[in-house]
Amino acid sequence: MNAKPSFRPVPCHGGWQIVVTWPDARTEQLIGYSSEAEAVKWINNLSDRWAVKALAKRRLSHSPCFNRPPV
């Protein structure tokens, strides 16, 4: 299964946000971009790295040992 999300710049309250859609249809919003060009630049240059980190964090948080209390 391809776990890579799609990214889409969207106007939001006078600025821009990036809507991230994961293959399981879950969405996230990344806010704080002053222009569409800035959001597109982030998508082109940093989104792959961000997705890898987000996916690793999600896998870690779903690990059966992650929330295990200390012995």
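1. A quick term to start: two residues are in contact when they have heavy atoms within 4.5 Å of each other. Please keep in mind that this is a predicted model, where local features need pLDDT of at least 70, side-chain atom pairs count only at pLDDT 80 or more, and totals for chains, interfaces and linings use all residues. Residues are numbered from 1 along each chain as its sequence is written, and side-chain values use heavy atoms, with hydrogens and water left out.

2. Leaving aside neighbours within four places in sequence, Ile 18 is in contact with Phe 7, Arg 8, Pro 9, Glu 28, Gln 29, Leu 30, Tyr 33, Ala 39, Trp 42 and Ile 43.

3. Ile 18 also belongs to the largest nonpolar core, which has 12 residues, including Phe 7, Trp 22 and Leu 55. Such a core is a set of buried Ala, Val, Leu, Ile, Met, Phe, Trp, Tyr and Cys residues joined through side-chain atoms within 4.5 Å. Strand S2 (15-21), strand S3 (27-33) and helix H1 (36-61) each supply at least two of its residues, and H1 gives the largest share, six. Helices (H or I, at least four residues) and strands (E, at least two) are DSSP runs, numbered from the N terminus.

4. Now look at Gln 17, which lies in S2. Gln 17 counts as buried because its relative accessibility is 12%; buried means under 20% relative accessible area, exposed over 50%, and partly exposed in between (1.4 Å probe, protein chains only).

5. Finally, the strand pairing: S1 (residues 6-12) and S2 pair in the antiparallel sense over seven bridges, where pairing requires at least two DSSP bridges between two strands. Pro 9 has Ile 18 as its bridge partner in S2.
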